[in-house]
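Reader: I would like to learn how to read a protein model feature by feature. Could you walk me through one?
Author: Gladly; let us look at the model together.

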Amino acid sequence: MLMDITDAVANSSLDLHISIFVTCQCQAVATPLPNSVVTSARPDVHQLLARMISPIPAEDDMEDESKAGAERVICQGGVGVCVSGPESLTREAANAVARLAPTHGTQVGGIALHTEVFSL
């Protein structure tokens with residue numbers, strides 16, 4: 001499904017970035033998706049989202065110049081956040097969007113959230 005999405009936006013004006021976080025006790029594999037990163041760790045959703053949409057580098061980024069702006073993009077057509085995982089992760093994502101949407105939502109064209117809760 002992700003490959004279909006990347007193919008659909010390939011020749012459009014959309015700027016798509018995909019971050020995949022593998023949180024199970026398995027080995028993450030490289031993905032052939034363009035503009036995507038696979039990380040074997042649980043994300044700090046608020047920090048990840050804030051860094052991406054903030055026009056001003058966070059203090060953390062100022063200390064590590066190589067990291068500054070690495071995940072930051074200029075958004076004007078909106079930001080979509082899609083999270084699939086346990087309730088604690090989807091709740092963290094919803095809280096992160098709720099904290100940032102009033103301040104930054106209009107600046108980036110809105111922030112949309114889609115969550116899917118599952119557990120094993």
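**Reading the model**

Author: Let us begin with a charged pair: Glu 92 and Arg 42 form a salt bridge through their side chains, with 3.5 Å from N to O. This pair links distant parts of the chain, 50 residues apart: Glu 92 sits in helix H4 (residues 87-108), and Arg 42 in the loop between strand S2 (36-39) and helix H2 (45-53). Please keep in mind that this is a predicted model.

Reader: What is the general idea behind such a pair?

Author: Side chains of opposite charge can pair when their charged atoms come close. Here the N to O distance for Glu 92 and Arg 42 is 3.5 Å, and the cut-off for a salt bridge is 4 Å.

Reader: How many salt bridges does a search of the whole structure find?

Author: The search finds two. In the other entry, Arg 91 pairs with Glu 87, and their closest N and O atoms are 3.8 Å apart. Both residues belong to helix H4, four residues apart, which is about one turn of the helix. Arg 91 is partly exposed, at 44% relative accessibility.

Reader: Now the nonpolar side chains, please. How should I think about them?

Author: In soluble globular proteins, nonpolar side chains tend to be buried together. In this model the largest nonpolar core has 14 residues, and those touching the most other members are Leu 49, Ile 53, Val 79, Val 81, Leu 100 and Ile 111. At least two residues of this core come from each of H2, strand S3 (79-85) and H4.

Reader: Which element supplies the largest share of this core?

Author: H4 does, with six residues. For a closer look, take Ile 53: leaving out residues up to four places away in sequence, Ile 53 touches Val 79, Leu 100, His 104, Val 108 and Ile 111.

Reader: What is the phi of Asn 35, and where is its place?

Author: Asn 35 has a positive phi of about 55°, although Asn 35 is not a glycine. Its place is in the loop between S1 and S2.

Reader: Before I use any of this, which elements have the lowest and the highest mean pLDDT?

Author: Helix H3 (residues 59-63) has the lowest, 47, and strand S4 (residues 111-117) the highest, 93. Over residues 61-72 the pLDDT is below 50, and this stretch has 16 contacts in the model beyond near neighbours in sequence. For the chain, the average pLDDT is 78, and 78% of the residues score at least 70.

Notes. Residues numbered from 1 in each chain as written. Predicted model: local features only at pLDDT ≥ 70, side-chain atom pairs only at ≥ 80, totals over all residues. Heavy atoms only, no water. Buried < 20%, exposed > 50% of the residue type's maximum accessible area, 1.4 Å probe, protein only. Core = buried A, V, L, I, M, F, W, Y, C linked by side-chain atoms within 4.5 Å. Contact = heavy atoms within 4.5 Å. pLDDT = per-residue confidence, 0-100.
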